[in-house]
Amino acid sequence: MKSLKLFLVATLLWTPLLSAEQYLSEASFVANAFKTPPRPKSLWLTPTIKPIVQQLLQHPPTFLRTRYWQEQQRTVWILEEIGKNEPITVGVIIDNHHIVQLQVLAFRESRGWEVKHSFFTDQFITSTLSTEQTLSQSIDGISGATLSVNALTKIAQLALFFDQTISK
Amino acid sequence: MKNARKSPWRLLYKLHRYLGLAVSVILILLAITGIALNHTADWQLNSRYIKSPTLLNWYGVNQPSAIRSFKAGPHWISQLDQQSYFNTQALITNNQLLVGAISTEPFIVLAFEKQLLLISDNGTVIEKIPLEAPIDSIGVTEPDTVFIRLDTQIKVSHDGLLSWQTVSDPSVQWSQETALTEPLNAQLQQTHRQHIIPYERFLLDLHSGRLFGTVGIFIVDLSGILLIVLTLSGCWIWLRHRLKSRFHNKRLR
C-alpha cells in the first residue's frame with residue numbers, strides 16, 4: 001500500500017514535466033543519441049534547398065531554419081510535420097546516411113497515434129535516400145492512420161536530405 | 001373513378017411525389033456541402049475563414065476579452081485568445097501565454113511560456129524552439145544577446161538561440177507588456193474576429209443541421225428518414241410498372 005502511494009505521488013510529480021501529448025522531451029532524445037551531446041548547429045533553408053524541401057513535404061515549408069546535432073558521421077534531427085491538423089514532432093538519428101532511430105516525441109492529433117509504436121517506426125531503420133529523394137525501403141501503412149504515416153515518411157525523407165546537405 | 005382515386009397505388013404515387021418535393025431542397029444542400037467537405041484540403045476550406053458579420057454574430061463570436069501586446073523594435077506582437085499576431089498579420093495558434101517579444105539584429109523573438117518563436121522582420125516564421133522549463137520573460141542587451149528569465153535563474157544565448165548558459169543577475173531590458181495604439185487595437189480586433197470560424201466548420205454545421213440548433217439537426221435527420229421512404233416507394237413503383245408491362249406484353253402475345 002505504501003509503495004502504491006509512493007508510485008502515485010511520483011507519477012503526479014512527474015506528469016507536469018511532460019505535456020499530455022509529449023512522450024519524450026527533445027533534450028532527452030538528443031542526450032540518448034550521444035555519449036556527450038554536442039552543441040546544436042543550424043541549417044538554413046537557402047533558395048537552393050527550399051524547393052527540394054517543398055517537394056519532399058508537398059507544401060511550402062513552415063520554417064526557414066532547423067537545428068541539428070552532429071558528431072562525426074552521426075546527426076540528430078528534430079522535425080515537425082502536420083498529420084491532419086496538428087504537428088507531430090519526430091526525432092531522427094542518422095548514422096553514415098542511414099536512419100538508426102526514428103521516434104515520435106510528441107503526437108497531438110486525435111487519430112493515427114499508432115505510428116508512435118516501434119512496430120511502425122522500426123520500418124525506417126537502415127533507410128537511406130535514393131537519388132529520386134525517396135526512401136530506399138518501402139514503409140507499410142496503417143489503416144486509419146494514413147496521414148500520420150505520410151507525415152512520418154516525409155520527416156524521414158527530410159532528415160536524410162538534410163543529412164546529405166550538410167555533408168556536401 | 002372514385003375507387004381509382006382512393007387506391008393505395010395512387011396514394012403511393014402522391015406520397016412519392018410530395019416527399020420528393022419536400023426533401024429536394026435539403027438533399028441538394030446536403031449534396032453540395034458533402035461534395036465541398038470531400039475537398040476540404042484542395043479548396044483550402046480549413047484555412048479560409050468566414051468574414052460575414054451576420055454569420056459571425058449567428059455563431060456568437062464576440063470580441064476577445066483580453067489582448068496581450070509587446071513592442072519589438074518598430075513592430076507590435078500581440079496575442080488575442082490563442083492567436084498571435086505580427087502587427088495585424090496572423091502568426092500561429094497555440095495554448096501558451098505570450099510573455100514577451102524582442103527585436104534582435106537577425107530576427108524578432110516571441111516568447112511563449114514554453115516556446116520561442118523566431119520570425120523575420122516581415123513576419124515569416126524561421127524556427128520554433130521548444131523550452132524545457134517555463135519562462136517568465138525575455139530580454140535583450142546587445143543586438144544578438146538574448147536573455148530568458150526562468151523561475152529561479154536567468155539564461156543567455158549569444159549564438160542565435162542555439163544554446164543557453166546560466167548567468168547571474170545581468171542588467172537586462174526585459175520585454176514589458178504595452179498597450180496597443182487605438183487604431184491598431186480596433187483593426188486587430190476586427191482581423192481576429194474574422195479569423196475564428198473556418199469555412200470547413202461552417203459547412204460541417206450546415207451539413208449536419210447544427211447551424212440551426214436542435215431544429216436543424218431534427219430537419220436533417222427527418223430528411224434522411226424521408227429519403228429512405230422515398231427510395232423504397234420509388235423501388236416499389238418501378239417494380240409495379242415492370243410487372244405490369246410484362247403481364248401486358250404476355251397478354252398481347
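Colleague: To begin, how many residues of chain A are in contact with chain B?
Modeller: On the chain A side, 12 residues are in contact with 9 residues of chain B; two residues are in contact if their C-beta atoms, placed from the backbone, lie within 7 Å. This is a predicted model, in which local features need pLDDT of at least 70 and side-chain atom pairs count only at pLDDT 80 or more, while totals for chains, interfaces and linings use all residues. Residues are numbered from 1 along each chain as its sequence is written, and chains are lettered from A and ligands numbered from 1 in the order in which they are written.

Colleague: Staying with E2(A), which strand pairs with it, and over how many bridges?
Modeller: E2(A) pairs with strand E3 (residues 74–82) of chain A in the antiparallel sense, over 4 bridges; two strands pair if DSSP finds at least two bridges between them. A:Tyr68 has A:Trp77 in E3(A) as its bridge partner. The hairpin of E2(A) and E3(A) has 2 residues between the strands, and A:Gln72 takes a positive phi near 55° there.

Colleague: What about E3(A) and E4(A): how many bridges join them?
Modeller: E3(A) and E4(A) run antiparallel and are joined by 9 bridges. A:Val76 stands opposite A:Ile93 in E4(A). These two strands also form a hairpin, with 4 residues between them.

Colleague: Where else in chain A is there a positive phi in a residue other than glycine?
Modeller: One case is A:His97, with phi near 70°, in the loop between strand E4 (87–95) and strand E5 (98–107) of chain A. Another is A:Gln58, which has a positive phi of about 65° and sits in the loop between helix H3 (50–57) and E2 of chain A.

Colleague: Is A:Gln58 buried or exposed?
Modeller: A:Gln58 is exposed, because 8 other C-beta atoms lie within 10 Å. A residue is buried if 20 or more other C-beta atoms lie within 10 Å of its own, exposed if 12 or fewer, and partly exposed in between, with C-beta atoms placed from the backbone. A:His97 is partly exposed, with 14 other C-beta atoms within 10 Å.

Colleague: A:Pro61 is in the loop between H3 and E2 of chain A too. What is A:Pro61 in contact with, leaving aside its neighbours within four places in sequence?
Modeller: A:Pro61 is in contact with A:Leu45, A:Lys50, A:Val53 and A:Gln54. A:Leu45 is 16 residues away in sequence and 9.0 Å away in space, C-alpha to C-alpha. A:Pro61 counts as partly exposed, with 16 C-beta neighbours inside 10 Å.

Colleague: Now chain B. How many helices and strands are there?
Modeller: Chain B has 6 helices and 13 strands. Of its 253 residues, 19% count as buried. The C-alpha atoms of chain B fill a box of roughly 105 × 35 × 30 Å, taken along the principal axes.

Colleague: In what order do the strands of the 4-strand open sheet in chain B come?
Modeller: The order is E1-E2-E3-E4, and the pairing is antiparallel. Strand E1 (67–72) and strand E4 (89–93) of chain B stand at the edges, each with a single partner strand, so one side of each is left without a neighbour in the sheet. Within the sheet, 4 bridges join strand E2 (residues 75–80) to strand E3 (residues 83–86) of chain B, and B:Ser78 stands opposite B:Tyr85 in E3(B).
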